[in-house]
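I opened this entry to look up how the ligand is held. My notes follow the display.

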Amino acid sequence: MDAVRNPYSPGAGRKPAALVGRDDALKGWGTSLRRAEAGRTDQPFVLYGLRGVGKTVLLSEFRRNAAKRGWVVAQIEGGSGKNLRQLLGEALYEPLTDLARPSAGTRILKALKTALSFKASYDTAGTWTFGVDLSGASGGGADTGILDTDLRKLIHDLADAAEDDGVGVAILIDEAQDLSAEELTTLCMIAHAAAQDSWPVLFGFAGLPSLPRILAEAKSYAERFQYAKVEQLTLDAAGAALTIAAATEDATWDEDAVDVVVAASGRYPYFLQQFGQDTWAAATGPQITEADAQLGVARGTAQLDNGFFRARWDRATPGEQQYLRAMAADGDDGSGSGQVAARLGKNITTLGPTRANLIAKGLIYAPEYGVVAFTVPGMASFIDRQITP
Ligand SMILES: Nc1ncnc2c1ncn2[C@@H]1O[C@H](COP(=O)(O)OP(=O)(O)OP(=O)(O)O)[C@@H](O)[C@H]1O
Ligand SMILES: [Mg+2]
């Protein structure tokens, strides 16, 4: 069928034509937005799950929903090599310019002035211009160099300004497990202060399955955050991801065809999008058949092997790849670190750094003490399929 009209969107963070199966999380977020507008602040949301399960897409939907209500919104991603100060500062510039207007009240002017000082704290060469006169405004002082002090001041003043507009501030942090311990601790403390003093500020964190433990280690009251595990879709939702998307382009799926793709995908959103895309390409349509689906799955699997899986595999050094290979024998469920060591004929302590590096690269995580598992669903079968020892 027409490639131009192909409605499927495999790829990191790409908005699907049909975002399905996330109603509870979206409803919870929507309620919290309205509660914050009414002066009742909720604990941060934490979305965690495996690679390709749809965390970024959900977090971006949080952003869109907040932005639609006129909130001040910043969405950032950890692990990019920039620090939190820089990431947040730059993400806030655009929403700040939206706040700036000649009629802005004193609290908005104050927030802008504080933001200017925050910008100066990490970028001595550059400054921001908002096109409004801030000479008489109070504010500033978010440039002490102490992250907690500066960020707290910025977010507090921003929350006051947003409150004047009857809205709030949403701070969304993707790949949060890649922030430093200090940055996460700071964010937890500010989120705690915001909830205690009812600033209209909502935080959304997204990251790998290790994120809840990392947050709990950063600050014990992170245990009260609202955790949502982002998982595979239900059978119905997985089917709907295919059929609703096709319907937007006046195409339909035979039931058998849906079954083939849903089964092959393990109900993982990324794989549904990939197989959907390849099935569409294989079909002459507008009715997609089981044979199309089988071809789509075969081609999609090759695509995933050469892209999604291969890219992650190539991130590992030869020594790390050996470790992954030893894990693959246990499938996706995880392996005992001791078992992996035994398979490799090595001492568990000797393998400590390899394990730590693989965790730091986001390829594996520790679901519980002494256990390691792939962050990428289907990685074990990829290794079985492709990599001969
Ligand atoms: N609820 C959903 N319904 C349909 N498709 C979805 C849904 N969520 C995500 N997708 C699709 O799945 C793919 C992966 O989504 P996303 O990048 O959000 O995953 P992720 O969990 O952030 O992965 P990673 O851990 O690698 O960052 C994208 O192609 C996206 O279009
Ligand atoms: Mg993501």
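I began with pockets in this predicted model. The space that ligand 1 takes up is the largest pocket. Next I looked up which elements give two or more residues to the shell around ligand 1. They are helix H2 (55–68) and helix H10 (269–282).

Then I turned to the domains. Domain 1 (3–12 + 233–312) and domain 2 (23–229) each give residues to the shell, so ligand 1 lies between them.

I listed the shell next. There are 24 residues around ligand 1. Ser9, Gly13, Arg14, Lys55 and Thr56 come nearest. By class, I noted eleven nonpolar, seven polar and six charged residues.

Which atoms lie at 3.5 Å or less from an oxygen atom of ligand 1? For Lys55, a polar side-chain atom lies 2.7 Å from a ligand 1 oxygen. For Val57, a backbone N or O atom lies 2.8 Å from an oxygen of ligand 1. For Val53, a backbone N or O atom is 3.2 Å from a ligand 1 oxygen.

Last, I checked burial. Ligand 1 taken alone exposes 630 Å². The protein buries 97% of that.

Terms used. Residues numbered from 1 in each chain as written. Chains lettered and ligands numbered in written order. Predicted model: local features only at pLDDT ≥ 70, side-chain atom pairs only at ≥ 80, totals over all residues. Heavy atoms only, no water. Near = heavy atom within 4 Å. Polar contact = N/O pair within 3.5 Å; in protein donor to acceptor, adjacent residues only side chain to side chain. Areas by Shrake-Rupley, 256 points an atom, 1.4 Å probe, with all protein chains shown as cover. 1 Å grid on protein atoms, 1.4 Å probe; cavity = no way out; pocket = protein on both sides within 12 Å on 5 of 7 lines; lining within 4 Å. Sits in = over half its atoms within 2 Å of the grid points. Helix = DSSP H or I, 4+ residues; strand = E, 2+ residues; numbered from the N terminus. Nonpolar A, V, L, I, M, F, W, Y, C, P; charged D, E, K, R; others polar. Domains from an automatic or database assignment.
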